[in-house]
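Student: I have a structure to go through. Can we take it piece by piece?

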Amino acid sequence: MTSGIRDLTIGELDAVSGGTVHTEVRKTTLIDVNGKGILAIGTVSIDGGPAMPSAEWIPLK
């Protein structure tokens, strides 16, 4: 028995989103900062473009 769930194609994603679907590739290092939060630093590339620096602060609640 199968669940009936399958991956959507790019065309299907375009149709339901009403726009263009982009591919994002991230390479990230996570750093715990004294239990206060996580600093995520690395690079991000969109649609096969050049890898650009990326940083994000994720506070711990």
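**Turns, pairing and contacts**

Tutor: Start with Asn34, which is exposed at a relative accessible area of 70%. Exposed means over 50%, buried under 20%, and partly exposed in between (1.4 Å probe, protein chains only). This is a predicted model: local features need pLDDT of at least 70, side-chain atom pairs count only at pLDDT 80 or more, and totals for chains, interfaces and linings use all residues. Residues are numbered from 1 along each chain as its sequence is written, and side-chain values use heavy atoms, with hydrogens and water left out.

Student: Where does Asn34 lie?

Tutor: Strands here are DSSP runs of E, at least two residues, numbered from the N terminus. β1 and β2 form a hairpin with three residues between them. Asn34 has a positive phi, near 50 degrees, and is not a glycine. Its place is the loop between β1 and β2.

Student: In which sense do β1 and β2 pair, and over how many bridges?

Tutor: Two strands pair if DSSP finds at least two bridges between them. β1 covers residues 24-33 and β2 covers residues 37-46. In one of these bridges, Val25 has Ser45 as its partner. The sense is antiparallel, over ten bridges.

Student: Which residue forms a salt bridge with Glu24?

Tutor: A salt bridge needs a side-chain nitrogen of Lys or Arg within 4 Å of a carboxyl oxygen of Asp or Glu. The count by this rule is one. Glu24 is partly exposed at 47%, and its N to O distance to the partner is 2.8 Å. That partner is Arg26.

Student: Is Ser54 buried or exposed?

Tutor: Ser54 sits in strand β3, residues 52-59. Its side chain makes a polar contact of 3.0 Å with that of Arg26; such a contact is a pair of N or O atoms within 3.5 Å, and within protein one must be able to donate a hydrogen and the other to accept it, while residues adjacent in sequence count only if both atoms are side-chain atoms. The relative accessible area of Ser54 is 18%, so Ser54 is buried.

Student: What is the phi of Asp47?

Tutor: Asp47 is in the loop between β2 and β3. Asp47 is partly exposed, with a relative accessible area of 44%. Most residues other than glycine have a negative phi. Asp47 is not a glycine, yet its phi is positive, at about 55 degrees.

Terms used. Helices (H or I, at least four residues) and strands (E, at least two) are DSSP runs, numbered from the N terminus.
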